[in-house]
Amino acid sequence: MDKVNQVKQLICAINQLHSDFSNDYFESGKIEKVNLLRTIARVPVQHIYTYRLTLHECINDYLMSAEIALKFFYRVKTRESIDDKIERNASREDQYPVNNWLNDIFGARILLTAEEIEQVMMCLDN
């Protein structure tokens with residue numbers, strides 16, 4: 001499989017995992033539903049920690065079994081980093097809804113050459 005298709009596969013798989021995880025997590029009753037339009041000061045921090053841990057495990061399980069020959073790295077924010085972000089945002093006058101920064105909990109980088117990036121970008125334009 002060429003790199004462009006591998007990039008598509010990885011992005012689609014992670015997006016699908018995240019979508020499935022979020023639906024299961026928030027619709028299954030595993031936790032009390034939380035309105036993510038609330039500001040961070042009004043969302044129980046334990047919900048955010050549980051979300052982070054479960055998402056990390058889910059993505060890690062997929063990546064361990066995926067047959068993708070791409071070089072990539074990913075990270076999940078630590079609890080300490082989440083605590084710091086909550087503290088910074090909770091004290092601000094202009095509070096942001098939780099859903100505006102939840103995507104910062106997980107991040108991934110795929111390493112490609114300039115030519116491979118150009119190929120991926122051409123596919124995205126179509």
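User: Which charged end sits over the ring of Y49?

Analyst: The model is predicted. In it, the charged end of R79 sits over the ring of Y49, 3.7 Å from the ring's centre. The distance cut-off is within 6 Å of the ring centre, with a further limit of within 35 degrees of the ring normal.

User: What are the elements of the protein, and how do they run from the N terminus on?

Analyst: There are four helices and two strands. From the N terminus on, the order is α-α-β-α-β-α.

User: How many aromatic pairs does the structure hold?

Analyst: The structure holds one aromatic pair. Its members are Y74 and F106, 5.9 Å centre to centre. The cut-off for a pair is 6.5 Å, so these two rings qualify.

User: Why is the pair of Y74 and F106 called tilted?

Analyst: The planes are 40 degrees apart. Stacked needs under 30 degrees and edge-to-face needs over 60, so this pair counts as tilted.

User: Which parts of the chain does the pair link?

Analyst: Distant ones: Y74 is in strand β1 (residues 71–76), F106 is in strand β2, and they are 32 residues apart.

User: Why does F106 count as buried?

Analyst: F106 has 17% relative accessibility. Buried means under 20%, so F106 counts as buried.

User: And what makes Y74 partly exposed?

Analyst: Y74 has 26% relative accessibility.

User: How much of the protein counts as buried?

Analyst: Of the 126 residues, 32% count as buried. Nonpolar side chains tend to be buried together in soluble globular proteins.

User: Which residues of the largest nonpolar core touch the most other members?

Analyst: They are L10, I48, L55, Y62, I82, I105 and F106, out of 23 residues in this core. Helices α1, α2 and α3 (79–90) each supply at least two residues of the core.

User: What lines the largest pocket?

Analyst: This pocket has a volume of about 300 Å³. Its lining has 16 residues, and I11, I14, N15, F106 and A108 lie nearest the centre. At least two lining residues come from each of α1 (3–27), α2 (45–65) and β2 (106–111). The most come from α1, with six residues.

User: How do the lining residues divide into nonpolar, polar and charged?

Analyst: Twelve are nonpolar, three are polar and one is charged.

Methods. Residues are numbered from 1 along each chain as its sequence is written. This is a predicted model: local features need pLDDT of at least 70, side-chain atom pairs count only at pLDDT 80 or more; totals for chains, interfaces and linings use all residues. Side-chain values use heavy atoms; hydrogens and water are left out. On a 1 Å grid over the protein atoms alone, a cavity is a set of points where a 1.4 Å probe fits but cannot get out, and a pocket is an open set with protein on both sides within 12 Å along at least five of seven lines; lining residues have an atom within 4 Å of a point. Grid points are joined across faces, edges and corners, and a volume is the space filled by probe spheres set on the points. Ala, Val, Leu, Ile, Met, Phe, Trp, Tyr, Cys and Pro count as nonpolar, Asp, Glu, Lys and Arg as charged, and the others, Gly among them, as polar. Rings of Phe, Tyr and Trp (its six-membered ring) pair if their centres lie within 6.5 Å; planes under 30 degrees apart count as stacked, over 60 as edge-to-face and the rest as tilted. Buried means under 20% relative accessible area, exposed over 50%, partly exposed in between (1.4 Å probe, protein chains only). A nonpolar core is a set of buried Ala, Val, Leu, Ile, Met, Phe, Trp, Tyr and Cys residues joined through side-chain atoms within 4.5 Å.
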